[in-house]
Amino acid sequence: MPGFEWFGDAERKEVMDVLETGVLFRYGFDAMRNGHWKARTFETELCSRLGVEFCHLCASGTAALATALAACGVGAGDEVIIPPFTFVATVEAVLQVGAIPVFAEIDQTLCLDPRDIPFRITKATRAVVPVHMCGAMARIDQIKQVCDQHGLILIEDACQSLGASFQGKSLGTFGLAGCFSFDPVKTVTCGEGGAVITHDSTVYQNAHQYADHGHDHIGNDRGQENHPILGTNYRISELNAAVGLAQLRKLDDMLTVQRNHKQALKNCLHQFQPVQFRDIPDESGDSATFLTFFMPSESDARNITTELGKAGVDGCAYWYDNNWHYLRKWQHIKKLISSARMPVHLIDPLPDYDQINLPGSDSLMRRTISMQIKLSWSSDEMSRRMAAIETVMSQFSG
Ligand SMILES: Cc1ncc(COP(=O)(O)O)c(C=O)c1O
């Protein structure tokens, strides 16, 4: 990751197809568009790549999450169980549809812990949104089992994990809906974009209508369309979809390179006793965007991250302090600060996210280091990186 490292002629050709027609809109203008339907083609190819029946592209992964929640009927007053290690977008999307985020612990997969979900269920719980973080999977089979047992809707936030799978089945296809992001730092990027996938025709219909002002998309002439439901504008443009289409066609090659780079770095780290790797329930399905490991103590993890940076191993993250990805630093979310009054503000008393107790997650996150895996590394760069890692790690082992 990220896919922009591999931008080239294919992306330029797809974009030029669109610019030459002048049709930047994904719907209508049939006569002008010279047969180019980039969003539609991207959807069809993504469905066949992931093995799912329906896909609807959106303006972003955040829009895809809000669309998926709305399309599955999650809304005002419903509680949605999510992990505290994610991107803030997961929380925002739940709030956006009027629902209430409820945090549960993560486990050594760094994703939602299926054992903790039952303790967070109340009469208001409607859905569970596990997040497949850093390119690899939650214990999605066990999470699905818990959802089925309790009659809860499962929506997967796979925004960071396009191309990853569990036991041969693509992430995003286990629940009622799955979501992806194609933002500028994702494996497949199109600038801004996202996707909702589902096996369910009603969810699909709700999704494409909701994301386009409720239009039913029947017929060729927009003027004749009806509005069966209320919606909004979460549409993707043809320009973004064009870039994404070219990128999607490179996904398998990207995964091969990422996996090779990750394996080499993992082999290098393996020799250092205190390093314990993140649990990945199916290593063969890892999309390999990050190599993540635990150190025995918080101070080791902090110091190693700093030393790796100094040694030129860039792209290392100490997530516990990261204000984009871990609950502890999200002051605006903990205090529910918004310029607008949201449905959650009507709850009396307000959920007190400041008092949230997630000792298991805190303890894991304090010891976690992630290394970003890039597509563009040459073999010289890989050798330099491994030598620097060995120098730093040998100071901390045994
Ligand atoms: C886990 C997760 N969910 C949702 C999103 C939102 O995607 P976007 O940036 O396309 O809105 C992201 C983006 O980084 C993410 O990492």
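Author: Helix α7 (residues 201-210) lies across β1, β8 and β9. Its direction runs at about 20° to β1. Such angles run from 0 to 180 degrees between N-to-C directions, with axes fitted to C-alpha atoms, for helices over the stretch in contact. Helices here are DSSP runs of H or I with at least four residues, strands are runs of E with at least two, and both are numbered from the N terminus.

The model is predicted: local features need pLDDT of at least 70, side-chain atom pairs count only at pLDDT 80 or more, and totals for chains, interfaces and linings use all residues. Residues are numbered from 1 along each chain as its sequence is written.

α7 is mostly covered, with 7 of its 10 residues buried. Buried means that 20 or more other C-beta atoms lie within 10 Å of a residue's own; exposed means 12 or fewer, partly exposed lies in between, and C-beta atoms are placed from the backbone. The buried residues are V203, Y204, N206, A207, H208, Q209 and Y210. They pack against β1, α3, β8 and β9. Contact here means C-beta atoms, placed from the backbone, within 7 Å.

Now the sheet. It is open, with 7 strands in the order β1-β9-β8-β5-β4-β2-β3 and mixed pairing. Two strands pair if DSSP finds at least two bridges between them. β1 (54-58) and β3 (100-103) stand at the edges. Each has a single partner strand, so one side of each is left without a neighbour in the sheet. Neighbouring strands are turned by 25° against each other on average, direction ignored.

Two of the strands under discussion are partners. β8 (residues 177-181) and β9 (residues 194-198) pair in the antiparallel sense over 4 bridges. C179 has V196 in β9 as its bridge partner. Another helix, α2 (residues 38-50), packs on the sheet too, touching β1 and β9. The direction of α2 makes about 135° with that of β1.

The largest share of the shell around the ligand, 3 residues, comes from α3. Of the 15 residues around the ligand, S60, G61, T62, F87 and S181 come nearest. A residue is near a molecule or strand if its C-beta atom, placed from the backbone, lies within 6 Å of it. The elements that give two or more residues to this shell are α3 (61-71) and α4 (88-96).

Definitions and conventions:
Contact = placed C-beta atoms within 7 Å.
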